[in-house]
Amino acid sequence: MQFKTIIEPFRIKTVEPIRQTTREQRAVAIREAGYNFFLLKARDVLIDLLTDSGTGAMSSRQWAGMMMGDESYAGARSFYRFQDAVQKITNLKHVLPTHQGRAAERILFGSVLNPGDIVPNNTHFDTTRANIESIGAIGLDIPVPEALQPQTIHPFKGNMDLEALETVLQEQGDSVPLVMVTVTNNSGGGQPVSMANVRAVSEICREYGKPFFLDACRFAENAWFIKIREEGYADKTPLEIAQEMFSYVDGATMSAKKDGLANIGGFLAMNNDDWAQKCRNMEILGEGFPTYGGLAGYDLEAIAVGLEEVLDEDYLRYRIRSVEYLGECLDAVGVPFVKPTGGHALYIEAKAMLPHIPWNEYPAWALSDVLYIEGGVRSVEIGSVMFGRQPDSSEVPAAMELVRLAFPRRMYTQSHVDYLAEVIEYVYGMRDRIRGLKMVEEPPVLRHFTAQFEPAHDALIVG
Ligand code: F0G
């Protein structure tokens, strides 16, 4: 290509103002929120990178599609349009719409798991794990060792450890009703899984007679990484790559709030007729009739269009490049982050940046608060606040202390990213003045959403 800037492959047709606030206003806002960024009002946030889930911008085609929504209770035209879009990519026989990804997880696990069962995954997302554990079953994370080495460059750090999978199937196979792989591996840094790894997991599952499911939230981003990093895929389209990926699996759970380019929705898909029947029964109990599954007809239309648009090469190139570009800016000034950059997010390594803050004063949480105070940027901690409290009520350090900056889809431009890089660089320059936090109120489950904090010492920022 002649020019190196990868511009946003869209023009802006509708705008939503974001509000400038002063540093003083933000310092008050975060203090009033108990230093918990989940409790901030969104209007007080300038650039919101809390999540890439349901936060993207819809296209004019999606909005037009919504006008075509068929709101019939059963057998709506919109359902068939949605089913066609899902099957074009996945070729899976049964497609159950759900209101979001975790509903697909709850229906699947509620239908096929028993207490004591084990579900291996490269790394379970927290809702996936929670839905498994709520049945008394065990979510087993077996990523490749590189997944836990932030500075090790590896093209497919999302891969599953194949030996570990063989071991668990040999030794405890009777307790494993299904195997999952998450693409991309969100909790492991948004890292992709190679086609070779998906294929190998599939072969092992066949050998042991186990169904293999994808947690497919970010399947298109994963397909793009395969295209640009894995030998033999450069000339294939993202759709062809996604189709091959799904050809190796027996089912999938999906949050359409990510690579469905929609603000709400998801699905559960599979080939097994018996399981599908059980899941449909469960779906009717909690979600709704299986041709709408907790969604409006217009949502099904938006997702059907989104699933097509998300595989557009220009879009994927821009998307992955935006995150990579932020990585280049941060690398130039020495900010430590998980390498290489992931598909939907960049993960700053707070343990390396703030070595003076002990894990039980939550360095990643403190860093996230400071990014908000200094620049109005909202991010999320993936560290000892999120993962530290154990089922036996002890508190242990998380494997990594990360601040995730997740990019909403088609929402921000390169100048937003430039601003972001400036804010992070500024905060990096004042890192010695950042202090830790103590938790003063802790809810019993999923504590990160509502916990309250205070500075552990004189102030969050000293000097
Ligand atoms: N699986 C993965 C890999 C996810 O990242 C998420 C959501 C889910 C399942 C659940 O989907 O939210 O539609 O119920 N991740 C969001 C995030 C919330 O911020 O990473 P959901």
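Author: The dialogue below takes up the ligand site, the salt bridges and a surface patch. Please keep in mind that this is a predicted model.

Reader: Let us begin with the ligand. How many residues surround the ligand, and which are the closest?

Author: The shell consists of 17 residues, and the closest are T51, R102, D215, S255 and K258. Helix α4 (residues 101–112) supplies the largest share, with 3 residues.

Reader: Please turn to the salt bridges. What is the general idea, and how many salt bridges does a search of the whole structure find?

Author: Side chains of opposite charge can pair when their charged atoms come close. In this structure, the search finds 27 salt bridges. One of the pairs is R206 with D250, at 3.7 Å from N to O. R206 lies in helix α7 (residues 195–208) and D250 in the loop between α9 (238–247) and β7 (251–255), so this pair ties together parts that are 44 residues apart in sequence.

Reader: Where do E309 and R410 lie in the chain?

Author: These two side chains meet in a salt bridge of 2.9 Å, N to O. E309 is in helix α11 (residues 297–309), whereas R410 is in the loop between β12 (402–406) and α16 (414–429); the pair links distant parts of the chain, 101 residues apart.

Reader: Is E309 buried or exposed?

Author: Buried means under 20% relative accessible area. E309 has 13% relative accessibility and therefore counts as buried. R410 is buried too, because its relative accessible area is 14%. By contrast, R206 counts as partly exposed at 47%.

Reader: Finally, which residues make the nonpolar surface patch?

Author: The patch, of about 310 Å², is made by Y73, I284 and F289. Of these residues, I284 is found in helix α10 (residues 273–286). I284 is partly exposed, with a relative accessible area of 46%.

Note on methods. Residues are numbered from 1 along each chain as its sequence is written. This is a predicted model: local features need pLDDT of at least 70, side-chain atom pairs count only at pLDDT 80 or more; totals for chains, interfaces and linings use all residues. Side-chain values use heavy atoms; hydrogens and water are left out. A residue is near a molecule or strand if one of its heavy atoms lies within 4 Å of it. Helices (H or I, at least four residues) and strands (E, at least two) are DSSP runs, numbered from the N terminus. Patches are made of residues with over 30% relative accessible area and no salt bridge: like charges are joined within 9 Å, nonpolar side chains (Val, Leu, Ile, Met, Phe, Trp, Tyr) within 5 Å. Accessible areas come from the Shrake-Rupley method with a 1.4 Å probe; for residues, only the protein chains shown count as cover. A salt bridge is a side-chain nitrogen of Lys or Arg within 4 Å of a carboxyl oxygen of Asp or Glu. Buried means under 20% relative accessible area, exposed over 50%, partly exposed in between (1.4 Å probe, protein chains only).
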